[in-house]
Amino acid sequence: MEEENSLIEQRKANLAALREKGIEPFANKFTPNETCAGARENYEEGREVALAGRMTAFRTMGKSIFLDIRDGSDRMQVYAQKNALGEEAFEVLKKLDLGDFLGVKGTMFTTRTEEITLKAESFTVVGKALRPLPAKWHGLSNIETRYRQRYLDLIANLDVKDVFYKRSAIIREIRDFMHERGFIEVETPTMQAVPGGAAAQPFVTRHNALGCDFYLRIALELYLKRLLVGGMDRVFEIGRNYRNEGISPRHNPEFTMLEAYQAFGDYETMMELLESMITRVAEKVVGTLVIEHKDSEGNVTRTIDLSRPWRRVKYKELIREKGGDDWFDISPDERRQRAIDLGAEIAPDYEDFEVTNGLFEKLIEPTLIQPTFVTHLPKELIPLAKLSPEDPTTIEVFECCINGQEIAPAYTEQNDPVAQREALVNQAGEEQQKLDDDFLTALEHGMPPAGGIGIGIDRLIMMLLGQESIRDVLLFPQLKPKSEG
RNA sequence: GCCUCGAUAGCUCAAUGGUAGAGCAGUUGACUCUUAAUCAAUUGGUUGAAGGUUCGAGUCCUUCUCGGGGUACCA
């Protein structure tokens, strides 16, 4: 990026040498008639093919050369002989650098070591690499370079590439699933005048022509509910949320969320939806319901069994399990002390329900490795859901935890505009959702009862693919820019 | 934000406070079935940046930059 080094100068010299011979190393066009994988599948001795790819290995044998080219599908060995290509072309080939893009025409054959190989009859240089690629054997392991220059990571580490191919397959399966269930996919504003639907710090941006600030959305919820009011009974959106908060192995400032709303459903409808969706995606993309997470040495560190049915348990039961049967009978001060004694970090300004929730988030959630629907959370925690008739201090919601993380919350959505306004106005705790009057106006026009769910797609993918950091399922995780000089 | 660990050749890594090194790739040469090709020779460094201590600093100290982990914030 900065000053030249000798490796780059060498490659530039090779580029100039090619041009001097009248060869344009960035040829405008070479059209392969097959992929490397296709050529392997359709192998037939003597079959003529044209393949193109990046040269990733180069083994000269005097008057013959073995080299590898790689495209998006696979690798293919190419065999080049001096007397087949002609002396001039052979000399050109010898001056190519690892990383150059090459088109090769020739015929397929099998070497003595039984490797399917393309015997070159002609080749075209279609893209010259002026910088060296990471070493082929040690690969690229510097974490910062892997994230800043993800393209190098994708070239050097095939398992990284596999993660992102699978990420694509997972999202595609999810879309197919939702469409089969009669949901339609919509797109709602990412720039919002009132950032609602969650209580997170937003990013602010400025619209010059309108002369006002907008917020990047922190949730999709309130716009999708407007669509329920409008008669779109089953809607979903897969989109980016932005939260101006800390970065960690489980948090990136922008992350992908799926939210779905189904009119005349409730939180139990959403349980069935989530179980069906995730088990299907796991079977189709990962090929199993038993997910193994491994450490860097390949030892299995945890096994997640997604077989149905998943555990269902009430929030208060889990709290009593961890905090004692009398947890809800003792005084708030005693609860605070007990939470601290148990090892939960409790800030001095926490209100009583936050103390209990601290116990849940710090000491219970991380232990929920197997899929678990935690239901009936205290009403103070979520203002957008309906109270539970059997216990009106709680709401009809679940948080689905897998792999020690919250993967998906779902509610029986509040559709009473008066109760909704009250819940938003009277929110307890530090963080509050902003009051979105346009949303409340929409509710006053009548929203059907509905079940709604939000699925953290990145965390879901981490769980399914055994990745320990959200950065390893995001192609370009957020990093601080390198300062100049 | 706080705590902590780290940054050495293109890549992966060494180097008691005492001459900055290895493998790979690169360069030159040999070789028409190699595939981490092999063999021979060889180039390559402002040790993340700036100061300081010392006869002497990659190594010790201070500040800064970037990154990893933890923690706080994230209903």
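## Cysteines

At 27% relative accessibility, Cys 212 counts as partly exposed, since that class lies between the cut-offs of 20% and 50%. Cys 36, by contrast, is buried, with a relative accessible area of 0%. These values come from a predicted model, and a search of that whole structure finds 0 disulfides.

## The sheet that includes strand β9

Strand β9 spans residues 212-216 and belongs to an open sheet of 3 strands, in which the order is β7-β9-β8 and the pairing is antiparallel. The edge strands of this sheet are β7, covering 191-192, and β8, covering 204-207, each of which pairs on one side only.

Between β8 and β9 the antiparallel pairing runs over 4 bridges, and across from Asp 213 in β9 stands Arg 206.

## The two faces of helix α4

Which residues of helix α4 are buried? In this helix, which runs over residues 87-94, they are Phe 90, Val 92 and Leu 93. Viewed down the axis of α4, these buried residues fall within an arc of 155 degrees, and therefore they line one face of the helix.

The face of α4 that is turned away from the buried side carries the exposed residues Glu 87 and Glu 88.

Conventions. Residues numbered from 1 in each chain as written. Chains lettered and ligands numbered in written order. Predicted model: local features only at pLDDT ≥ 70, side-chain atom pairs only at ≥ 80, totals over all residues. Heavy atoms only, no water. Buried < 20%, exposed > 50% of the residue type's maximum accessible area, 1.4 Å probe, protein only. Arc of directions from axis to C-beta. Disulfide = S-S within 2.5 Å. Pairing = 2+ DSSP bridges.
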